[in-house]
Amino acid sequence: MNNKSINQQDHLPFPLFNQKFFNEYSQDSQLIGHLNQEMLHLNHKCSYKWMNQPKLEWTLDDDIKILVITWNMHGIIPGYSLKRLFNIQQVHHDLIVIGTQECSRSIAVSLLCESKGGWESKLKDELGKDYVKVQSTTLNAMHLIVFAHVLLVPKIKNGRPYTLSQGFMGIVGNKGGIAISLNINDKIFLFANSHLESGQNAETKRQTQFSKLETHFENQVFYNHKNVSYDYLIWTGDFNSRINQQITTQTIRHHSDFFMWLSNDQMYQSRNQSLNYQSFFNEGMIFFPPTYKMLEYQNQWAIDKDFRIPGWCDRILFKENKKSKTSSHTQDFQDNLPSQIKLQNYDANFDIFGSDHRPVFAQFTVSFQ
């Protein structure tokens, strides 16, 4: 977001992806012109919050700063540095959560060999001695890992992994999801990662898969954390959402309309009409181009034999569970409490090559006050 008209001030909440956005921003011709040009030419440069703020200690008076990344890796482990993805020399995070799909190997090969040891080793090398692996889990080609800064590690306990296959016959893990729950003091964090059904006409099936995953993970957390529900859920994944619009190679070459494409995003349309469980989640406003389907080593969409309608497949959703107490009056009060989890940034990184997807990341703060 390198245009001043769309930069968000630190004291303002990051705008959420909903109909209010289209009503407010669609009247700004300068903004729309900038976004359309950025998407068409794929010259997007991502931005990070909290630049040059090293951390020397962590206490409960501080917010937790969380970096969450989702990336469909297209079956590769990059041979190059990922410093531009984590940016740890300039930006401090207390937690770093990385959800990947088609990680390390293709889906087919991963059916025979799930190990993600090579990928985890690379991540440890990239993040260095200041970050410690808290928990990881794998299902076929999906992988989810949580790293914590050494200053936060003593506050973390009860890490638990979960998986649910939703591929062939409900037993093959080429599609489905994985999750990790953990306690930080008295709060339960749940991080999920999923790879949902692909295809332009599979949105209904994707929503069914998502709702089953959410129910499964919620039940598992409740059981494993002594009948207590989670406080915060952050969900990464290749949701495989596509654009409900006839986009041709000629459209991509000569003309594009960011707002038209975005308003026709399948997942947005389903959520906006409250057709699925995702309608209860929040998502940051999308100021970045579709991250699929890209050329592997060039920032252009595939428009030849591998052409697919571009899509914002790679997304990060979140929500807070404001736990009810004993009465309906108390429940109403809980619903009106200010949210303790705040989205500070939502962006894609088009400097990371090797896959037909580009990574998407979000930065959150969670307050214990």
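View 1. Strand 12 and strand 13 pair side by side in the antiparallel sense. Strand 12 (residues 341-348) and strand 13 pair antiparallel over seven bridges. Two strands pair here if DSSP finds at least two bridges between them. Thr 365 of strand 13 is the bridge partner of Lys 342. Strand 1 (residues 64-72) also pairs with strand 13, again antiparallel and over seven bridges. On that side, Ile 69 has Phe 361 of strand 13 as its bridge partner. Strands (E, at least two residues) and helices (H or I, at least four) are DSSP runs, numbered from the N terminus. The model is predicted: local features need pLDDT of at least 70, side-chain atom pairs count only at pLDDT 80 or more, and totals for chains, interfaces and linings use all residues. Strand 13 is buried along both of its faces. Val 360, Ala 362, Phe 364 and Val 366 point one way. Phe 361, Gln 363 and Thr 365 point the other way. Seven of the seven residues of strand 13 (residues 360-366) are buried, so the strand is largely enclosed by the rest of the structure. Buried means under 20% relative accessible area, exposed over 50%, and partly exposed in between (1.4 Å probe, protein chains only).

**View 2. Phe 21 and Phe 287 form an aromatic pair.** A search of the whole structure finds 19 aromatic pairs. In the pair of Phe 21 and Phe 287, the rings sit 5.9 Å centre to centre, with 70 degrees between the planes, and the geometry is edge-to-face. The pair links distant parts of the chain, 266 residues apart. Phe 21 belongs to helix 1 (residues 19-25), and Phe 287 to the loop between helix 9 (266-272) and strand 9 (294-295). Phe 21 is buried at 3% relative accessible area, and Phe 287 is buried at 1%. Rings of Phe, Tyr and Trp (its six-membered ring) pair if their centres lie within 6.5 Å; planes under 30 degrees apart count as stacked, over 60 as edge-to-face and the rest as tilted. Phe 21 and Phe 287 also belong to one aromatic cluster with Phe 14, Phe 17, Phe 22, Phe 259 and Tyr 268.

**View 3. Phe 210 and Phe 239 form a tilted pair.** The ring centres of Phe 210 and Phe 239 are 6.0 Å apart, and the planes meet at 40 degrees. Phe 210 lies in helix 6 (residues 203-224). Phe 239 lies in the loop between strand 8 (232-238) and helix 7 (249-254), so the pair ties together parts that are 29 residues apart in sequence. Phe 210 is buried, with a relative accessible area of 0%. For Phe 239, also buried, the value is 2%.

**View 4. Asn 349 is a buried loop residue.** Asn 349 lies in the loop between strand 12 and strand 13. Its relative accessible area is 1%. A polar atom of the Asn 349 side chain lies 2.9 Å from the backbone oxygen of Arg 84.

**View 5. Met 73 is buried in the loop between strand 1 and helix 3 (83-86).** The relative accessibility of Met 73 is 0%. The C-alpha atoms of Met 73 and Phe 353 are separated by 9.2 Å, although the two residues are 280 residues apart along the chain.

Terms used
Residues numbered from 1 in each chain as written. Heavy atoms only, no water. Polar contact = N/O pair within 3.5 Å; in protein donor to acceptor, adjacent residues only side chain to side chain.
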